[in-house]
Amino acid sequence: KLKVDDVVDAFGVHGACGLWGLLAVGFFGNPDEGIGGNGVFYGGNQLGTQVFAAFMIMIWVASLSVAIMLPLRLLGALRHSDEFQEAGADLMEHSPSKAYSNKQEQSAI
């Protein structure tokens with residue numbers, strides 16, 4: 001297990017859906033539309049180019065991610081302390097007394 005914390009599903013939204021969008025052009029690109037499509041379902045050969053582009057993007061993203069995240073991990077700068085996490089970021093950083101004043105109590109009445 002990679003132990004990756006993706007609470008907002010960034011990989012699912014940007015990674016998987018972006019990959020599908022990139023590959024879909026290689027399948028469904030219609031040259032009759034006039035926007036440069038040349039998909040496999042229309043007798044074209046654009047899918048190979050799209051797969052190559054996806055591969056290059058993955059290499060680029062992986063390289064930059066390692067170059068940025070590895071030093072941060074080695075410095076211990078990627079996670080808050082256990083005490084900070086136990087208390088919660090809302091309490092520790094965001095002044096919940098100002099953010100959650102009487103408004104919740106009033107709206108409940």
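A search of the whole structure, which is a predicted model, identifies 5 aromatic pairs. One of these is formed by phenylalanine 28 and phenylalanine 41, whose rings adopt a tilted arrangement with a centre-to-centre distance of 5.2 Å and an angle of 50° between the planes. This pair links distant parts of the chain, since phenylalanine 28 belongs to helix H1 (residues 10-28) and phenylalanine 41, 13 residues apart from it, is in the loop between H1 and H2. Phenylalanine 28 is partly exposed, its relative accessible area being 45%, whereas phenylalanine 41, at 54% relative accessibility, is classed as exposed. Both residues, together with Trp20 and Phe27, make up one aromatic cluster.

Helix H2 (residues 46-75) contains glutamine 50, which counts as buried because its relative accessibility is 11%, under the 20% limit for that class. A polar atom of the glutamine 50 side chain is placed 2.7 Å from the backbone oxygen of leucine 22. When residues up to four places away in sequence are set aside, glutamine 50 touches Leu22, Leu23, Val25 and Gly26.

Methionine 69 is likewise found in helix H2, but with 44% relative accessibility this residue counts as partly exposed.

Conventions:
Residues are numbered from 1 along each chain as its sequence is written. This is a predicted model: local features need pLDDT of at least 70, side-chain atom pairs count only at pLDDT 80 or more; totals for chains, interfaces and linings use all residues. Side-chain values use heavy atoms; hydrogens and water are left out. Helices (H or I, at least four residues) and strands (E, at least two) are DSSP runs, numbered from the N terminus. Buried means under 20% relative accessible area, exposed over 50%, partly exposed in between (1.4 Å probe, protein chains only). A polar contact is a pair of N or O atoms within 3.5 Å; within protein, one must be able to donate a hydrogen and the other to accept it, and residues adjacent in sequence count only if both atoms are side-chain atoms. Contact means heavy atoms within 4.5 Å. Rings of Phe, Tyr and Trp (its six-membered ring) pair if their centres lie within 6.5 Å; planes under 30 degrees apart count as stacked, over 60 as edge-to-face and the rest as tilted.
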